[in-house]
Amino acid sequence: MANIDNQCKDLEVKDYYTEGDYPKHSSLADLYNLQAKTQKMYFDKQGRKHFKDFNIGDVVDFLMVTEHAIVDELHEMMDAVGGIDDGVGNAAWKPWKGMHEAVRGKSLKDLSPGDLKELKMEWIDVMHFVFNAGLAIGVTPKEFYNYYLSKNEENWDRQRRGY
């Protein structure tokens, strides 16, 4: 079950996209750079090395913890996909639960606003760690953007080639 001790359903989500202290219509680079700043704050607070000072062993250690964190957050997301407040959400992926078919037959729009928000916040938690993995290996926002689009084009080409 997604952690009930740190739910985000009551977290105020500001409209940073159209107002606030961040640039209007922030780009992926803005989000990526914000995660880099967050990690720097964490490393400073913990007295740890920064990504720029990592050796390969540090990268491996960081990626192993990051992999576990991503999987953990994906598990929390899976538990939240069917809703948390009613206590049957994880029945969406647990066929042995009595509510399995009923929960799977629901639509996301059937979730309460709080449960839908929890689900989306779990995805955001996944993305924090995905960004950290890129930061650990030195991916810049420009590379992230260009590599993503180039790989996406290749994936489309592979499908056209019958991959």
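This is a predicted model: local features need pLDDT of at least 70, side-chain atom pairs count only at pLDDT 80 or more; totals for chains, interfaces and linings use all residues.
The protein contains five helices and zero strands. Of the 163 residues in the protein, 27% are buried. The accessible surface amounts to about 11,500 Å², and carbon and sulfur atoms account for 58% of this area. Contacts across the chain can be described by sequence separation: among those between residues at least 6 apart in sequence, 61% join residues that are at least 24 apart.

For helix H1, residues 28–46, and helix H4, residues 113–136, the axes come within 10 Å and cross at roughly 80°. H1 and H4 are therefore roughly perpendicular to each other, because an angle from 65 to 115 degrees is placed in that class. On the H1 side, the contact involves Leu28, Leu31, Tyr32, Gln35, Ala36 and Gln39. These residues meet His128, Phe131, Asn132, Gly134 and Leu135 of H4. By class, the contact of H1 with H4 comprises six nonpolar and five polar residues, with no charged residues.

Aromatic side chains form a further theme. The structure holds 11 aromatic pairs. In one of these, Phe51 and Phe54 have ring centres 5.3 Å apart and ring planes at 70°, so the pair is edge-to-face; the reasoning rests on the cut-off for this class, which is over 60 degrees. Both Phe51 and Phe54 are buried. The two residues also belong to a cluster in which ring pairs link Tyr42, Phe43, Phe51, Phe54 and Phe62.

When residues up to four places away in sequence are not counted, Glu118 touches Gln7, Cys8, Lys9 and Ile84. Trp123 likewise has its place in helix H4. With a relative accessible area of 44%, Trp123 is partly exposed, because this class lies between the limits of 20% and 50%. The C-alpha atom of Trp123 is separated by 9.8 Å from that of Met78, although the two residues are 45 residues apart along the chain.

Val103 is located in H3 and, at 5% relative accessibility, counts as buried. Which residues does Val103 contact, leaving aside its neighbours within four places in sequence? They are Gly82, Val88, Gly89, Ala91 and Ala92. For one of these, Ala91, the C-alpha atom is separated from that of Val103 by 6.4 Å, and the two residues are 12 residues apart along the chain. Gly105, in turn, is found in the loop between H3 and H4. Gly105 and Ala92 are 13 residues apart along the chain, and their C-alpha atoms are separated by 8.8 Å.

Technical notes. Residues are numbered from 1 along each chain as its sequence is written. Side-chain values use heavy atoms; hydrogens and water are left out. Helices (H or I, at least four residues) and strands (E, at least two) are DSSP runs, numbered from the N terminus. Buried means under 20% relative accessible area, exposed over 50%, partly exposed in between (1.4 Å probe, protein chains only). Contact means heavy atoms within 4.5 Å. Accessible areas come from the Shrake-Rupley method with a 1.4 Å probe; for residues, only the protein chains shown count as cover. Axes are lines fitted to C-alpha atoms, for helices over the stretch in contact, and angles run from 0 to 180 degrees between N-to-C directions. Angles under 35 degrees count as roughly parallel, over 145 as roughly antiparallel, 65 to 115 as roughly perpendicular and the rest as oblique. Ala, Val, Leu, Ile, Met, Phe, Trp, Tyr, Cys and Pro count as nonpolar, Asp, Glu, Lys and Arg as charged, and the others, Gly among them, as polar. Rings of Phe, Tyr and Trp (its six-membered ring) pair if their centres lie within 6.5 Å; planes under 30 degrees apart count as stacked, over 60 as edge-to-face and the rest as tilted.
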